Amino acid sequence: MIVKTNTSKVLVTGATGWLGRETVARVLEGKFEGITQSDLLLASSNGRDLELDSLGVYPTVALENLSHRESTNSIEGLVHLAFITKDKTTQYSFSEYVAKNIELISAACEIIERDKPKWVVVVSSGAIIDRATLEIENNVVRNPYGFCKRIEEALIAESARKVGANIVIGRLWGGTGLYMPVKRAYAISDFIESAKESGAIRINSGGDVIRRYCDAGDFMEVLVRSAIQGDTTTLDSGGSIIEVGELAKLISARLGEISISRSQTPTAVDDYYPRGSEFEELAKSVGVQLHGIDEQVLRTLKSHKFPNFG
C-alpha cells in the first residue's frame with residue numbers, strides 16, 4: 001500500500017541525524033506517493049549538508065533561520081527530529097543541555113503555530129520511561145534526556161492541537177538500520193563494534209537481557225504514513241524481541257570466526273523493552289512490511305561499515 005498525499009512541502013528537522021537520514025532515504029526510495037525529493041525542506045541545527053552515501057548530498061537550512069522566516073503557509077507536514085541526543089549529554093553542562101533542547105522544541109512549536117501544517121510527526125524515546133518503576137520519568141536531574149523528550153511530546157502536541165494538525169508521536173526503544181551511527185547506545189552496535197575491533201563479543205551480564213529492535217527506516221515510514229492518513233496517536237516502537245545472547249549469535253553467524261563470551265556472575269533479568277503489538281498493527285494498516293531481526297543485523301552491519309558489508 002502506498003499512502004497518497006497532495007503536498008507542497010514536507011519539512012524534516014534534524015535531517016542530518018540518524019532518523020533524518022532514514023526518513024529522507026525512504027522519500028528518495030518512493031515510499032510516500034506524492035512526496036518527492038523536490039517536496040522536501042531539510043533543516044538541521046547547524047545547517048550542514050546531508051550526505052546519504054551513494055544517494056547523494058542534499059543541502060539543509062539552519063533551523064534557527066527557518067524558524068524566524070516569514071510564514072509561507074506552504075508546509076504540508078512536519079517531521080521533527082532535531083534534538084540533542086542522550087549520547088551528547090556529557091558534552092554540555094546540565095543547564096546547557098536542557099536549554100539547547102528547549103530551544104529546538106520552541107523552534108518547532110513556532111513553525112507549527114505559524115505555518116500550520118496538516119500533520120506532524122515527532123520521535124520520542126523509551127527513555128521517558130523510568131527503568132525502575134516503568135512509569136513516566138519525572139526527574140530532570142536523574143534523566144535529562146528522557147525528561148526533555150517528555151517536555152517535547154507535550155509542547156509539540158499542544159502546538160499541533162492549536163492549529164488543528166494531527167500528530168503521531170513514536171517512542172523509539174531499540175533501533176537498527178542502514179544509517180545507524182557508530183556508537184554504543186544499543187547492544188547491537190556495541191557487539192558489532194567489539195567484533196570489528198577485537199574479533200570477539202563480550203556480554204557483561206550473566207542474566208537474560210531482553211531487548212526489542214526495530215529497523216529505524218521502517219519506524220519512520222510507519223510514523224509518516226500514519227500521520228499522512230490523518231492519525232493522531234502516541235505509540236512505542238515494536239519489532240523483534242530477542243535475548244542479547246541470541247543477538248550475538250546472529251551477528252557472529254554473519255561474520256564468522258567471532259567468539260562470544262559471557263559473564264558467569266548471576267544477575268537479574270533485564271527486560272527493559274516495550275510491550276504490546278500496536279506498532280505491528282499500525283505497520284500492517286499502512287502497508288509497511290517490517291524487517292526481521294536477521295535482516296536488521298545485516299543492515300546494521302552495513303551501517304557500521306564492517307568489512308565486506310559496505
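**Basis.** I worked from a predicted model, in which local features need pLDDT of at least 70, side-chain atom pairs count only at pLDDT 80 or more, and totals for chains, interfaces and linings use all residues. Residues are numbered from 1 along each chain as its sequence is written, and side-chain values use heavy atoms, with hydrogens and water left out.

**Helix α5.** I took helices (H or I, at least four residues) and strands (E, at least two) as DSSP runs, numbered from the N terminus. Helix α5 covers residues 187-198 and has 12 residues. I noted a reach of 16 Å from its first C-alpha to its last, close to the 16 Å expected at 1.5 Å a residue; the expected span is 1.5 Å times one less than the number of residues. I found glycine 199 after α5, with a positive phi near 75°.

**Sheet.** I then traced an open, mixed sheet of 3 strands in the order β9-β11-β13; strands pair if DSSP finds at least two bridges between them. β9 and β13 (240-243) stand at the edges with a single partner strand each, so one side of each has no neighbour in the sheet. I recorded β11 and β13 as antiparallel over 4 bridges. Arginine 211 stands opposite isoleucine 242 in β13.
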